[in-house]
Amino acid sequence: MQFPTPRGPFTAVDGVSLQLGSGERLGLIGESGSGKSTLALALMRLIKPPAQIVGGRIVFDGVDLLSLPEDQMRSRRLADIALVTQGAMNSLNPVMRVRHQMIDAMQAHGIHLSKHEWEARLAGLLRSVNLRPDVADLFPHQLSGGMKQRVCIAIAISLRPRVLIADEPTSALDVVVQRRVMQTLRKVQNALGVSVILIGHDMGLMAQFAERVAVMRNGQLVEVAAVRDIFARPQHPYTRLLMDSLPSLRQRGSYEVAPV
Amino acid sequence: MTAGVPLLELRNVSRVFGGGGLFSQRQVVALKDFSFVLDADTPTITAIVGESGSGKTTMARLVLGLELPSSGRVLYQGKDLARLSGREWREFRRGVQAIFQDPFGVYNSFYKVDHVLTTPLRKFGLASSPDEARRLIEQALRAVGLKPEDTLGRYPHQLSGGQRQRTMVARTLLLRPKVIVADEPVSMIDASLRATVLGNLLQLKRQFGISLIYITHDLTTAYQISDRIVVLYHGEVVEEGEPEQIVNHPQHPYTRLLINSIPEPDPDHAWIDETDEHEENDWEVTDAQLDFEQATIAGQQSNSQKQR
């Protein structure tokens, strides 16, 4: 994955190889600029020119997504691979009721139902993300941040994708709401057996959600291991730094600053 | 300073938004009967903890004099903010400084980083020559652990979020304030850099004797650095006390909910599957959100009226 810059191409994601099992919960951790969000966009093939994928393959169910024509890729997004981003709640159309936005996404993928069937479908989806069915009648500004994010999860799972990429889905929310959104995501994951890639920089969230954790730094993968191994025996110094920098309620830390 | 007079005091302060609006007659109480005393003799770090809409940012704006209370009084060194003379106001402006959440928004991207450091020196006439200004700035940067040669002469986008926030700490240091109000200073900074900024905040108290009002929704960082925690919920104080007390023996259900919501960095700790003892109705959340948004809009309207 490269971005051209005046000083020559900048490699945002550099030779990353990862496998995601069916129904697996994978955590992808790293800080701003580590390439984790770029990797998510590449998986969706949403990289916009002038940036381009210069090498490698993205194989989904035996098919290389990079070789698909654009119209086929388009029909696979949402249906096979769906994305929920940090700002997903702000991508809801402010002048459209939740109902129409949900229907719109499904109609774009060729689903046509009667009025009655739509109602049942929407109610089921909203209930699955712990929202009341009448949320469908509201406009986005009438919802809290956590509710909007759950509407986005409902849209993301509306076509029963096999892979759900959640890119910092809760970092714009406060802790209480964050937990409820994560509970929703976990419940949905369980019910649908969908594979989830959770992207973030909070080791606490990773410990709670992921089965396997991949650590990225400067575009490269520095460590991939089962979550318990990462926490018990972090191998890479950067992983250890991430763990050590996590404030906890167990022990009051000492933060000394040495003047330079 | 007279002995016994608190440095900063909020006395039964309430702030109500709306009510007289063109579109809405609805009143929103952002802060209700809030009292708070900051001692003049011992520097302390007080954490104000609460979720979005709890009134914590309104409290910060009142302390900074950016907002006037609807009722009650805000006193700085015993004097009511609403009745300060021009000279006293300048003194207040220097004595109470702010560090904000967004280390990107406070910089003008067309100026070098030096600009935010030289401006306060000039405004308050703290340096007699450019050489002295340079010396003071380098001293402040070194104190917060930044190398002047790596920081000065650069543009904001060339620094990391942590470096930018530490430069803001250096800026407040230049003014030798008595109180710093830090509104979510680390929430937009990468996890691995947060510790350095938290270290700077602790250092302000220990090394420079500056008191800090630390506003956050994150109980873990509050627990790590503060001497006292005040938990705000819907504009009211539900609990306050020492960090150990609050975290280990929380009295109010909301405090317990806050503690339970923190994802423990321990894969064996069941967090996702647990159910809340204080399960909140989604519709209440919506109402709270609506109130908050209307309060924000009302606040913006009253501000723009003031400017006119």
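Which residue takes a positive phi just after helix 4 of chain A? That would be Asn130(A), with a phi of about 60°. This is a predicted model, in which local features need pLDDT of at least 70, side-chain atom pairs count only at pLDDT 80 or more, and totals for chains, interfaces and linings use all residues. Residues are numbered from 1 along each chain as its sequence is written, chains are lettered from A and ligands numbered from 1 in the order in which they are written, and side-chain values use heavy atoms, with hydrogens and water left out. Helices (H or I, at least four residues) and strands (E, at least two) are DSSP runs, numbered from the N terminus.

**Helix 4 of chain A**

- Helix 4 of chain A covers residues 115–128, 14 residues in total. From first C-alpha to last it reaches 20 Å, close to the 20 Å expected at 1.5 Å a residue; the expected span is 1.5 Å times one less than the number of residues.
- Its buried residues are Trp118(A), Leu122(A), Ala123(A), Leu125(A) and Leu126(A). They sit on the same side of helix 4 of chain A because they cover an arc of only 165° around the axis. Buried here means under 20% relative accessible area, exposed over 50%, and partly exposed in between (1.4 Å probe, protein chains only). The arc is taken from the directions from the helix axis to the C-beta atoms.
- The buried residues of helix 4 of chain A pack against helix 3 (98–107) and helix 5 (145–156) of chain A, where contact means heavy atoms within 4.5 Å.

**Where helix 3 meets helix 4 in chain A**

- Helix 3 and helix 4 of chain A pack at an angle of about 105°, with their axes 11 Å apart. That makes helix 3 of chain A roughly perpendicular to helix 4 of chain A.
- For reference, axes are lines fitted to C-alpha atoms, for helices over the stretch in contact, and angles run from 0 to 180 degrees between N-to-C directions. Angles of 65 to 115 degrees count as roughly perpendicular, under 35 as roughly parallel, over 145 as roughly antiparallel, and the rest as oblique.
- Helix 3 of chain A brings Arg99(A), Met102(A), Ile103(A), Met106(A) and Gln107(A) to the contact, while helix 4 of chain A brings Trp118(A), Glu119(A), Arg121(A), Leu122(A), Leu125(A) and Leu126(A).
- The residues of this contact divide into 7 nonpolar, 1 polar and 3 charged. Nonpolar covers Ala, Val, Leu, Ile, Met, Phe, Trp, Tyr, Cys and Pro, charged covers Asp, Glu, Lys and Arg, and the others, Gly among them, are polar.

**Helix 9 of chain A**

- In helix 9 (residues 237–244) of chain A, Tyr238(A), Thr239(A), Leu242(A) and Met243(A) are buried. Seen down the axis, they fall within an arc of 145°, so they line one face of the helix.
- Pro237(A) and Asp244(A) are exposed on the other side of helix 9 of chain A.
- The cover over the buried residues of helix 9 of chain A includes helix 7 (203–209) and helix 8 (227–232) of chain A, together with helix 7 (191–208) of chain B.

**Positive phi in chain A loops**

- Asp61(A) has a phi near 55°, a positive value in a residue other than glycine. Look for Asp61(A) in the loop between strand 4 (59–60) and strand 5 (63–64) of chain A; Asp61(A) is exposed, with a relative accessible area of 57%.
- Glu168(A) is not a glycine either, yet has a positive phi of about 45°. Glu168(A) lies in the loop between strand 7 (163–167) and helix 6 (175–192) of chain A and counts as buried at 13% relative accessibility.

**Chain B**

- Chain B has 11 helices and 10 strands, and 50% of its 308 residues count as buried.
- Helix 1 (residues 56–63) of chain B is mostly covered, with 6 of its 8 residues buried. Among them are Met59(B), Leu62(B) and Val63(B).
- Arg61(B), also in helix 1 of chain B, is partly exposed at 26% relative accessible area.
- Gly65(B) follows helix 1 of chain B and has a positive phi, near 75°.
- Asp114(B) belongs to helix 3 (residues 114–123) of chain B. Leaving aside neighbours within four places in sequence, Asp114(B) is in contact with Leu152(B), Gly153(B) and Arg154(B).
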